[in-house]
Amino acid sequence: PTALVIAIDGTSGSGKSSTSRGVAGRLGLRYLDTGAMFRAMTWWLLREGVDVHDVAAVAAACGRPVIESGTDPLAPTITVDGVDVSVEIRSDEVNAAVSPVSAVPEVRSLLLDLQREVIGTGGIVVEGRDIGSVVWPQAELKVYLSADPDARAQRRALEEGGSDLASTQQSLLERDRIDSGRATAPLTMADGAVHVDSTHLTLPEVVDRIVTLAEEAR
Ligand code: C5P
């Protein structure tokens with residue numbers, strides 16, 4: 001059914017991306033990584049020399065870049081003004097700046113419109129922090145994915161090719177702190193969300209669980 005929307009929210013490094021892509025692949029759905037949109041905005045602001053801690057400056061500039069997301073779960077793309085920035089948006093600089101940028105209401109409302117446009121008539125797995133609570137509360141299935149900080153840091157450090165574990169964990173926890181504490185659309189478990197703790201599960205196990213939940217939700 002094309003109307004199916006699966007919202008997957010959770011903390012940084014909880015396995016949202018791998019899980020969401022896996023679920024979309026299994027169910028033949030599109031995939032939207034909303035974190036990549038906030039990262040793309042942040043990358044552009046940094047490149048333009050905008051002070052990311054200056055809320056007024058960020059609000060004034062954020063309407064300028066054209067951000068577009070591809071929705072193929074096997075090859076997701078993110079472009080800014082037509083240029084693919086999939087690699088650049090994973091840098092330490094973007095990691096450190098993305099949470100303050102994402103707390104700016106003007107940034108959120110701009111990207112919210114884009115996200116709703118992509119979701120359109122559904123048939124998509126959407127991952128983020130506020131998908132089930134704000135972006136698409138009517139989603140047929142809402143999942144809140146979590147994992148212990150140690151497990152999250154280990155996975156992320158591995159992904160990043162052996163970055164330092166302690167500093168990776170520090171950076172994840174700092175983003176969680178800002179994302180959960182902001183006034184606009186903070187990270188929270190949405191009403192009606194199913195909590196899946198992935199600490200002791202493998203990726204295929206998490207995907208299986210969510211696919212089963214989706215089949216029940218249909
Ligand atoms: O999911 P990812 O870790 O790539 O997201 C990067 C950042 O983007 C988050 O730490 C958060 O600040 C922001 N974000 C958000 N709302 C979303 C998705 C991401 O504020 N729906």
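Throughout these legends, a residue is called buried when its relative accessible area is under 20%, exposed when it is over 50%, and partly exposed in between, as computed with a 1.4 Å probe on protein chains only. The model is predicted, so local features need pLDDT of at least 70 and side-chain atom pairs count only at pLDDT 80 or more, whereas totals for chains, interfaces and linings use all residues. Residues are numbered from 1 along each chain as its sequence is written, and side-chain values use heavy atoms, with hydrogens and water left out.

View 1. D81, which is not a glycine, has a positive phi near 50° and sits in the loop between β4 and β5 (83–84); strands (E, at least two residues) and helices (H or I, at least four) are DSSP runs numbered from the N terminus. With a relative accessible area of 43%, D81 is partly exposed. A185, also not a glycine, takes a positive phi of about 50° in the loop between α8 and β8 (194–197), but A185 counts as buried, at 12% relative accessibility.

**View 2. The largest nonpolar core.** A nonpolar core is a set of buried Ala, Val, Leu, Ile, Met, Phe, Trp, Tyr and Cys residues joined through side-chain atoms within 4.5 Å. The largest one holds 36 residues, of which L45, I67, I78, V107 and I119 touch the most other members. Elements that each supply at least two residues include β1 (5–10), α3 (55–61) and α5 (105–119), while the largest share, eight residues, comes from α2. Beyond its neighbours within four places in sequence, L45 is in contact (heavy atoms within 4.5 Å) with V50, V52, V58, A61 and V101.

**View 3. Helix α4 against helix α8.** The axes of α4 and α8 (residues 165–181) come within 9 Å and cross at roughly 10°; these axes are lines fitted to C-alpha atoms over the stretch in contact, with angles running from 0 to 180 degrees between N-to-C directions. The two helices are therefore roughly parallel, a description given to angles under 35 degrees. N95, V98, S99 and P100 in α4 meet R175, I178 and D179 in α8.

View 4. In α7 (residues 149–159), the buried residues are A151, R152, A153, R156 and A157, and what covers them includes α2 and α8. Just after α7, G161 takes a positive phi of about 70°.

How values were computed
Angles under 35 degrees count as roughly parallel, over 145 as roughly antiparallel, 65 to 115 as roughly perpendicular and the rest as oblique.
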